[in-house]
Amino acid sequence: MPRIIVTGAFGQIGSELTSALREQYGPDNVVATGRHVPEAASSAGPAEVLDVTDAASVQETFRRLEPDIVYHLAARLSAVAEQDPESAWQVNVEGLRNVLRAARDVAAERMFWPSSIAAFGPDTPRIAVPQDTIMRPTTIYGIAKVAGELLCNYYLARYGLDVRGVRYPGVISSGSPPGGGTTDYAVEIFYAALQRGKYTAFVRADCVLPMIYMPDCINAATKLMQAPRERLLHHNSFNVTAMSFSAGELAREIKRHLPNFVCKFAPDERQAIADSWPQSLDDSAARKEWGWQPSYDLPAMTEDMLATLRARL
Ligand code: NAD
């Protein structure tokens with residue numbers, strides 16, 4: 001069995017990816033790391049504190065654990081990054097470099113690092129964004145993602161480190177809450193609809209963004225990591241998407257299940273970030289090179305989110 005390290009393992013994606021990896025590879029083979037370890041986490045499998053901006057700790061942890069596979073998810077998300085650009089750069093770029101260096105030094109077999117639709121910018125075509133296109137983001141989060149994609153390419157070309165990744169759209173999930181991104185409204189709305197019957201979205205009703213539901217998000221990471229290396233032309237920056245909808249359409253879809261739900265729209269500073277991102281992506285390279293195929297569209301995701309949250313809340 002391969003030994004696996006996950007960084008940022010207690011965040012929105014990390015918590016569900018770690019569970020999926022533990023099911024596949026056995027709990028003891030997957031070490032979950034994060035800046036803090038939640039109390040409940042250690043019962044599910046090995047868990048450690050690891051701040052990815054601390055280069056010496058990253059080196060020491062990787063030398064001790066000798067991972068074959070690394071999933072590097074530690075990051076500051078878009079809205080949080082904009083509040084403190086200096087520390088966002090430290091975590092998202094210097095942290096990535098620390099992890100790439102440590103993975104190279106222990107000769108890890110493979111590494112996964114997700115980029116984002118934030119790597120695109122206002123000059124990028126907004127509809128069906130091609131795999132290879134203009135990338136001039138205007139947010140610090142997006143700039144760090146472009147730098148990260150280039151850095152991963154460099155480690156692949158220069159050191160042969162097999163680092164792979166996708167450009168995730170907004171991720172919707174019912175498990176761990178989102179960590180301060182621009183698409184958080186698409187998760188918050190479900191909790192609010194069930195708990196209070198009303199929600200005020202921080203974007204306009206006609207704000208359209210590409211999205212993906214968590215099972216597809218996890219599937220994208222694990223499927224790409226299992227793909228034969230020789231088939232991959234776009235190693236670390238595959239466009240992936242599952243659906244695109246406006247905030248108004250999402251509210252209407254929820255209303256089909258909860259007729260009394262009331263949604264208002266009061267755009268704040270996050271609207272400007274959303275306006276700089278594409279509305280839909282062309283993910284044909286991922287489909288062709290490693291068989292990407294999402295399972296959830298807007299109606300299927302909405303039904304599953306409401307059923308899962310209703311049972312839990
Ligand atoms: P999240 O904010 O929920 O989780 C990130 C985790 O990293 C958090 O638990 C945080 O505590 C941890 N972290 C922050 N600084 C750290 C540090 N210095 N050392 C160690 N850990 C640190 O984010 P997520 O949604 O799980 O995102 C994971 C990855 O996916 C990120 O690279 C993100 O940019 C990317 N992504 C996410 C989305 C989305 O909608 N969630 C979309 C596109 C890309």
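Author: Let us begin with Arg-104 and Asp-105, whose side chains meet in a salt bridge with an N to O distance of 2.9 Å. Please keep in mind that this is a predicted model.

Reader: Are Arg-104 and Asp-105 buried or exposed, or in between?

Author: Arg-104 has a relative accessibility of 27%, and Asp-105 has a relative accessible area of 32%. Buried means under 20% and exposed means over 50%; therefore Arg-104 is called partly exposed, and so is Asp-105.

Reader: How many salt bridges does a search of the whole structure find?

Author: The search finds 13 salt bridges. One of them joins Arg-64 to Glu-48, with the closest N and O atoms 3.0 Å apart. Arg-64 belongs to helix α2 and Glu-48 to strand β3 (residues 47–49), so this pair ties together parts that are 16 residues apart in sequence.

Reader: Why is Glu-48 called buried, and why is Arg-64 called partly exposed?

Author: The relative accessibility of Glu-48 is 19%, which is under the 20% limit, so Glu-48 counts as buried. For Arg-64 the value is 43%, which falls between 20% and 50%, so Arg-64 counts as partly exposed. Glu-48 and Arg-64 also take part, with Glu-60, in a network of salt bridges.

Reader: What separates Arg-97 and Glu-94 in helix α4?

Author: They are three residues apart, which means a separation of about one helical turn. Their side chains meet in a salt bridge of 2.8 Å, N to O. Arg-97 is partly exposed at 33% relative accessible area, and Glu-94 is partly exposed at 22%.

Reader: What is noted about phi of Glu-66?

Author: Phi of Glu-66 is near 45°, a positive value in a residue other than glycine. Glu-66 is found in the loop between α2 (55–65) and β4 (69–72). With a relative accessible area of 46%, Glu-66 is partly exposed. Ala-128, in the loop between β6 (115–116) and α5, has a positive phi of about 50° although it is not a glycine. Its relative accessible area is 40%, so Ala-128 is partly exposed too.

Reader: Which residues line the largest cavity, and what makes some of them nonpolar?

Author: The lining consists of His-72, Ala-74, Ala-75, Val-91, Asn-92, Trp-113, Tyr-141, Ala-144 and Lys-145. Two or more lining residues come from each of α4 (85–105) and α5 (140–159), and α5 gives the largest share, three residues. Ala, Val, Trp and Tyr are among the residue types that count as nonpolar. By class, the lining has six nonpolar, two polar and one charged residues.

Note on methods:
Residues numbered from 1 in each chain as written. Predicted model: local features only at pLDDT ≥ 70, side-chain atom pairs only at ≥ 80, totals over all residues. Heavy atoms only, no water. 1 Å grid on protein atoms, 1.4 Å probe; cavity = no way out; pocket = protein on both sides within 12 Å on 5 of 7 lines; lining within 4 Å. Helix = DSSP H or I, 4+ residues; strand = E, 2+ residues; numbered from the N terminus. Buried < 20%, exposed > 50% of the residue type's maximum accessible area, 1.4 Å probe, protein only. Salt bridge = Lys/Arg side-chain N within 4 Å of Asp/Glu carboxyl O.
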